[in-house]
Every structure is written in C-alpha cells, then in structure tokens.
Amino acid sequence: MKTRITELFGIEHPIIQGGMHYVGFAEMAAAVSNAGGLGIITGLTQRTPEGLTQEIARCRTMTDKPFGVNLTFLPALTPPDYPGFVKAIIDGGIKAVETAGNNPQKWLPALKEAGIKVIHKCTSVRHSLKAESIGCDAVSVDGFECGGHPGEDDIPNFILLPRAAEELKIPFVASGGMANGRSLVAALAMGADGINMGTRFIATQEAPVHEHVKQAIVAADERDTRLIMRPLRNTERVLANAAVDRILEKEKALGDNLKFEDIIKEVGGVYPKIMTEGDMEAGAWSCGMVVGLIHDIPTCKDLIDGIMAEADALIRQRLAGFVTT
C-alpha cells in the first residue's frame, strides 16, 4: 500500500508504532520496523541522552529498516536534557521523530537541518494546523478513544479525522482505536494516510513488557478504561484497576481542590513496577479503548501482515462490491 506516509518515512506499510513509556525499547521498534511499519523508540524512557544513544545503537543491531524516536516535551521543574536528547537523535542518524506534548518549534530547525522528518501528536484540529504552520512534516491525530492523553475537547475520531482532512495539507495518521484492517480502511476513508497504534502493539510477542500486562489487555473490553486527572486538565485514559479507583475517589472528594501531589503515589514512577515487574495494581497506566478489539498476542509481523491482508480484502471485495456499475 502506497500513501503519503509510506513515502514520507520510506516504509512498506502505513502503520506507525507510537512512543510508549517503558514499552518503546529497541526490541519493540525493531520488531515493528522489520514487519514493514515504523517502529519508535521512546526517548525519555532512557532517562539520559547517553542511554538513548545506546538504545539507538542497540536497535541498529536488530533492524536495517527505518525506525524513529519519540520525544515528548513536558513542563517540569527540572526538565530533561532536551538539547542532549536532540543531539543523540541527530548523531544517531535517526530520520524520523515523533514529537508530543508541548510545541516542538524550538527544536525543529536542528532536526530539519539533519534531514529528519517530524510527526507531531495532536488531539485537535487547531493544534494540527499549528504543527503544520511551524513546519512539521506530518501529524498524528489522536481521537478521544486513545490511550494516554486525549486532550480536553473529547472529540472522537469519527469526527476528528474528517475535520483534519478538511483543514490539513500535510499528511496525517489516525491514532486512537486502531487495531486491525477495519481500523486502517476506516482511517483511510476519513482522510488519514495511515494509522498509529500504541495499545495494540503492547499485546504482541516482541513487546518488552511483563506477560501480566499483555494478558490484562486481552482480558479487558472497551468499557474497561477510565479517565483520570480531568480536574487538573491533564486528562489521561488508563486501564481500570484498584489504583485508578483510588484516584477517582480522591478526585470526587477533593473536587477543584485536587492537586497533583494528592495522587502522586498512584501515578508517579509506577511504570517500571507495572511494565517490568507485572504489578498490575501498582498505579495508573495508559491504555486505549481499543482493548475491546484486542483478543490475541501475535508477533508484530503476523499482526501487521494480518492488518494489511484484511484491509486489502475490505477494499477490493467488500467496498468494491457495494459499487454498482
């Protein structure tokens, strides 16, 4: 399949594995890239630029296909060494960067000069247009269904994607609710040039996370995610568990008086315990409503090949069959 996204990133299939904290290691990125998609290493999971340099080098031993790095720009009292991370990306010969969080404008000149294509994650049309205006090469349009941070507008992809298609000139991918061939064909029909999958890729054989995490995704259905941190205007979609119940109880009790410190125990530094140790009650972790569509734990190659085969059949048979001559 040839789209503006496959052309932009030099990949076989219009499928991107989004950056995910404590999931986007070299093993994950390489498996997706080897299967014809665009694998992404999560930069900040590495903690230091030196760690990212080593992870990029490690990934190069696993694949000769294009892969990228996610760099999320977040406000912090002690911000990460962003200049160091950008240098590690450039020096590592990376040609695709997924940015997220705050406006990446400050970092674009250096990335562009190095010939790097930038795709920015956006949860609204207005943010997508801003990304286009500052020179991003593409955007990932994240609907309300997505795991992680869906923004504060609550617009699902059935509306958000056609709106993005109306407004944008640069290519975009659909993120949130993407899992299979139906997802891909629907995204293409609504104007996207590909899909970005996060949660679906966690439930694969190569995903470097604890088996408990994969089984939790398979066991869950589309009703099993919750929205936390709404009162802080930092909404996050997570999988329901005991820690999430505690957060929601605190939010209800404290209302507008809620502070981040009130829930730090349930959200701060919990990812190693969950993703590495498999402690599924340790805290809140990002997960999309797409869990309702995830029923198995295939290899990345089998997953992507299956998506492409299903998409091809849908387009050539089911959809073509509706057209009368």
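**Chat notes**

User: Let's start with His13: which residues does His13 touch, not counting those up to four places away in sequence?
Analyst: His13 touches Thr6, Ala35, Gly36, Gly37, Ile304, Asp305 and Met308. Keep in mind that this is a predicted model.

User: OK, and where does His13 lie?
Analyst: In the loop between α1 (4-9) and β1 (15-17).

User: Is His13 buried or exposed?
Analyst: Buried: the relative accessible area of His13 is 10%, and the cut-off for buried is under 20%.

User: Gly36 was in that contact list. Which helix does Gly36 follow?
Analyst: Gly36 comes after α2, and its phi is positive, near 105°.

User: How many residues of α2 are buried?
Analyst: 7 of the 9, so α2 is mostly covered. The buried ones are Ala26, Met28, Ala29, Ala30, Ala31, Val32 and Ser33.

User: What covers the buried residues of α2?
Analyst: The cover includes β1, β2 (39-42), α3 (49-60), β3, α9 (199-202) and α14.

User: Now β2. Which way do its residues point?
Analyst: Gly39 and Ile41 point one way, Ile40 and Thr42 the other way, and all of these are buried.

User: How many bridges join β2 to β3?
Analyst: 4 bridges, and the two strands run parallel. Ile41 has Val69 in β3 as its bridge partner.

User: And on to β4: in what sense do β3 and β4 pair?
Analyst: Strand β3 (residues 67-73) pairs with β4 in the parallel sense, over 5 bridges. As one example, Phe73 stands opposite Gly101 in β4.

User: Why is β4 described as largely enclosed?
Analyst: Because 5 of the 6 residues of β4 (residues 96-101) are buried, the rest of the structure largely encloses this strand.

User: Switching to the other histidine, His120. Which strand is His120 in?
Analyst: His120 sits in β5 (residues 117-122). With 6% relative accessibility, His120 counts as buried.

User: What is His120 in contact with, leaving aside neighbours within four places in sequence?
Analyst: Thr99, Ala100, Gly101, Asn102, Pro104, Ala131, Cys136, Ala138, Val139 and Ser140. For Ala131, which is 11 residues from His120 along the chain, the C-alpha atoms of the two are separated by 6.8 Å.

User: What about phi of Asp154?
Analyst: Asp154 also has a positive phi, near 60°, and is a residue other than glycine. Asp154 is found in the loop between β6 (138-142) and α7. With a relative accessible area of 30%, Asp154 is partly exposed.

User: What classes of residue make up the lining of the second largest pocket?
Analyst: The lining has 8 nonpolar, 6 polar and 3 charged residues.

User: Which element supplies the largest share of that lining?
Analyst: α8, with 4 residues. α7 and α8 each supply at least two residues of the lining.

User: Then tell me about α8. Which residues of α8 are buried?
Analyst: In α8 (residues 181-189), the buried residues are Gly181, Ser183, Leu184, Val185 and Ala187. Their cover includes α7 (157-167), β7 (172-175), β8 (195-197) and α14 (300-322).

User: And the ends? What happens at the start of α8?
Analyst: There, a side-chain oxygen of Asn180 reaches to within 3.1 Å of the backbone nitrogen of Arg182. After the helix comes Gly191, with a positive phi near 110°.

User: Great, that's what I was after. Thanks!

Notes
Residues are numbered from 1 along each chain as its sequence is written. This is a predicted model: local features need pLDDT of at least 70, side-chain atom pairs count only at pLDDT 80 or more; totals for chains, interfaces and linings use all residues. Side-chain values use heavy atoms; hydrogens and water are left out. Buried means under 20% relative accessible area, exposed over 50%, partly exposed in between (1.4 Å probe, protein chains only). Contact means heavy atoms within 4.5 Å. A polar contact is a pair of N or O atoms within 3.5 Å; within protein, one must be able to donate a hydrogen and the other to accept it, and residues adjacent in sequence count only if both atoms are side-chain atoms. Ala, Val, Leu, Ile, Met, Phe, Trp, Tyr, Cys and Pro count as nonpolar, Asp, Glu, Lys and Arg as charged, and the others, Gly among them, as polar. Two strands pair if DSSP finds at least two bridges between them.
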